[in-house]
Structure formats: structure tokens, C-alpha cells
Amino acid sequence: MEVCSEEAVKYVWEGAIPLQVHLHESEVTTLPPPPPALVLGSRIGYFPLLVPLIKPYFSSALPPGEDTVWFDYNGLPLKWYVPVGVLFDLLCAEPERPWNITVHFRGYPGEVLTPCEGEDSVKWSYINSLKEASYVITGNCKNVMNMSQADQFDLWQSLVKGNMDGYLRISSRLKLGPLGEDCILKRSSSLQPRQATDEPEIVGFNRPTQIRTPVIMVYTRDPSVASICDAYELFFKGRIPVRLYLRNVDDNLEDLEDAPTIDSWERISYINRAVEIHKEGGNYMTLKHAMRTLLPEIFDEVPMLIHEAGAEGNHEADSCFADSETVSVTRNDLVEETSCTNQQSNKAKLIRIQGIEPDLDIPFSWVVNNLKYPDYFLHICVFVRATSPQAKST
């Protein structure tokens, strides 16, 4: 399997979700009410970028007043800084096509969503995310900070317009990849896990999950390099930034289409972690290996598959930046503190990346190189099959 597949990357960039957008009934001022708008939402795009298409369609039916556009799905306000594809994979347990969502032009839910001032807000959120990814991968943000205004503009416009060739041309100058297929998990480190202190508000969720793990990625609304880079206390070269979205589903649920709808973001655990790798021969990681490293408390019963790639080595999985003793502490802390993973019996029902339910035995390097989002993060949705101790004992 080739490490970088042009066909796979093209598939990601051309991926779109058919949307059926309804105007909320409280904002309809005409009879009959306007029919829903049918649009395609790019998987790698963001909902505010659809406003120029949707607003003219509903303009004649809107009441007077200032527009504060936002979207919801089954009453749940949609996070504007999370890619459309991630929201779809996470909130639609059984894919819904077209995806029926509601648009609002009034009554912005400021208690749930951070302020959004249109495309500019989305652009700076994306640039911030790119800085964070760069810092994780290379140890600094200079490559992003030193981009010319023209390159920064062209990079953003390539994402907005779905121009894959333009994006690859400019992003290649950042020297953030690709990842070689010989990557393997780093076995140990003398550093002990530390928890970030005085963390700023994490953009995206009102109650961020606190994880005692060696890699804590802190978000900030301030786009300055200092506010981004100073949030990191540890750095190792060869790290892959990953964003995990965990959602509970009942262990007895036979069909995902019967999963209850999400009515609050507090029911989603949002975790930022990094997979540390190095390229010195030995064994290479599969996606299964990476998932067990990222979420050992959920994937620890999944047999870990490690392919021989050279010299023999220790096949026991360790956590990123931690020795075996540290791993046990980290696992216990995470089990205690993560709302979606608060029982040892929790196991993964499925994972989705870019709308795909991938084979866990494929090389992790292939997944990273071909399925990452334009912000250089690998976004992974995990449906966790949760079994309570009471149910287990009966």
C-alpha cells in the first residue's frame, strides 16, 4: 500500500454531504413557508462558509433585524469551528442522507457557541489549528507564522473553493509531511506525564475533558503565536496531532440507527492527543496500534497488530512519552475523568475517519497521510459501547 495515495486524497477533497436546510419556523414571515434549500456541504469545510449560498435563498422570508446565522441538528447547535464531515460522522450514528439541518438568522445561542463573525472567524480558527498542528509536528509555529499574506490568503481560498492542487502546492512549503511508512511507536521516555495548569478556555466545548496525559493540547481564541505555543510544555519531534470525539452508545444497541439523538455537547467527550513516532527501523504501527495508544482504556482488549519491519523489539505497547509504570497511572486517571469512558468495560463499537469505518489493520502512516483534514489534524470519531457495572453483574 502506497504511503500517499493521490486517489485517496482526492476522495477526501471531493467528499460532500447532501444537506437539506430548513429555515426555523419561528423566523418564517411568508405563506407558504419556503421549501428547504438543497446544498452540498464539503466534508472538509465549515458551516459558516455555506451562508452565502443559503442566505439569498431564504432572504424574502426573513423578519427584519440583524443576522446572526447559526445551524442546528435536532435542536443541537452545531459547532461552527468543527468541520462539516466530523459533525456528520459524530452526530448521525446512522448516516442520514440528505442530512436535515435547520438554519437560524436570529437568536444566536451564545451560551453554547462561541461568537462567529462570518468567514473571518472561521479563517482564524483554521489558522490557529494549523499553528497548533505545526507546533506538535515540528516543535514551533514559525513555518505558519512566516507565511506571506498572499500565501495565507491563497491557502485559505483553496480550502474554501475545494482547490486541492492549490492547497497542496502552498501547504507543501510548511514541511509538515508526509509521514513515512516506517513510523513506529516510541517505546519509553524519562519524562513523566504532566497536566497543564491554568489552561485557557478550550474553544469548542463548554466543559472540556481534563486528561492527565503527557500531551495536553490547549486551545485559545487569540491567534498570536505566543498564546498558541506557550500552551505546550512538552515537545518531541515525530508527533501526529489527533482530535478524538467520543460518543456513548448503549451496549445493548443492535443497530446504530436506533441510537438516541445528542441533545447536549456535554454528552460528547472531546480529547486532543498526539501519537509520538520515530523512524529508526523496528516495527511499524497499524491504526489499531495507534488507537490502543490513544485510548488504551477503550482499546486495551483489541489485539495489537505489529508488523515486523526489521530488527526485533519489545512488542508491548506503551503510552506516548511514558514507560510501562506511567501507562497504568495514565489509564486509571483517564478512566476516572473522561465522561464518555468512565467504566473499565467501555469498548469501541466503531470508529469513523472521513466518513469511513476503516480496517484497524491498515498502516497508521497511510491513514495520517491520506485522511487528515486540511488543518493537519487527524479527526477521529469513536462510538463507545458503554456497559454499566450493574448491567454487567446481571
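Biologist: Is L253 buried or exposed?

Modeller: First, the general idea. Buried means under 20% relative accessible area, exposed means over 50%, and partly exposed lies in between, with a 1.4 Å probe and protein chains only as cover. L253 has a relative accessible area of 16%, so L253 is buried.

Biologist: What kind of model is this, and how are residues numbered?

Modeller: This is a predicted model, with residues numbered from 1 along each chain as its sequence is written; local features need pLDDT of at least 70, while side-chain atom pairs count only at pLDDT 80 or more. Totals for chains, interfaces and linings use all residues, and side-chain values use heavy atoms, leaving out hydrogens and water.

Biologist: Where does L253 lie?

Modeller: Elements come from DSSP runs: helices are H or I of at least four residues, strands are E of at least two, and both are numbered from the N terminus. L253 lies in the loop between strand 7 (239–250) and strand 8 (268–278).

Biologist: What does L253 touch?

Modeller: Contact means heavy atoms within 4.5 Å. Leaving aside residues up to four places away in sequence, L253 touches D258, A259 and K349. Now look at C-alpha atoms. Those of L253 and R385 are separated by 8.5 Å, though the two residues are 132 residues apart along the chain.

Biologist: Which share of the contacts joins residues at least 24 apart?

Modeller: Take contacts between residues at least 6 apart in sequence. Of these, 78% join residues at least 24 apart.

Biologist: What is the accessible surface of the protein?

Modeller: Accessible areas come from the Shrake-Rupley method with a 1.4 Å probe; for residues, only the protein chains shown count as cover. The protein's accessible surface comes to about 17,700 Å², and 49% of that belongs to carbon and sulfur atoms.

Biologist: How many disulfides does the structure hold?

Modeller: A disulfide is a pair of cysteine sulfur atoms within 2.5 Å. The structure holds zero disulfides. C4 has 37% relative accessibility, so C4 counts as partly exposed. C92 has a relative accessible area of 1%, so C92 is buried.

Biologist: Now helix packing. At what angle do helix 6 and helix 7 pack?

Modeller: Axes are lines fitted to C-alpha atoms, for helices over the stretch in contact; angles run from 0 to 180 degrees between N-to-C directions. Helix 6 (residues 149–161) and helix 7 (residues 164–171) pack at about 145°, with axes 8 Å apart. On helix 6 the contact uses D151, D154, L155 and S158; on helix 7 it uses G166, Y167, I170 and S171.

Biologist: How many of the residues in the contact of helix 6 with helix 7 are nonpolar, polar and charged?

Modeller: Ala, Val, Leu, Ile, Met, Phe, Trp, Tyr, Cys and Pro count as nonpolar; Asp, Glu, Lys and Arg count as charged; the others, Gly among them, count as polar. Here the contact divides into three nonpolar, three polar and two charged.

Biologist: Which residues of helix 12 are buried?

Modeller: Helix 12 (residues 364–371) is mostly covered, with eight of its eight residues buried. They are F364, S365, W366, V367, V368, N369, N370 and L371. Helix 9 (residues 287–294) is also mostly covered: eight of its eight residues are buried. Among them are K288, H289 and R292.

Biologist: Is K131 buried or exposed?

Modeller: K131 has 4% relative accessibility, so K131 counts as buried. Its place is in helix 4 (residues 119–138). C-alpha to C-alpha, K131 and C141 are 5.4 Å apart, and 10 residues apart in sequence.

Biologist: Turn to the backbone. Which peptide bonds are cis?

Modeller: Read omega. The bond from L31 to P32 is cis, with omega near -5°. P32 lies in the loop between strand 1 (16–23) and strand 2 (37–42). A cis peptide bond also joins R97 and P98, with omega about -5°. P98 lies in the loop between helix 3 (84–91) and strand 5 (99–104).

Biologist: What is phi of K175 and of Y376?

Modeller: K175 has phi near 55°, a positive value in a residue other than glycine. K175 sits in the loop between helix 7 and strand 6 (184–185), and is exposed, with a relative accessible area of 69%. Phi of Y376 is near 70°, again positive in a residue other than glycine. Y376 is in the loop between helix 12 and strand 12 (378–386). Its relative accessible area is 10%, so Y376 is buried.
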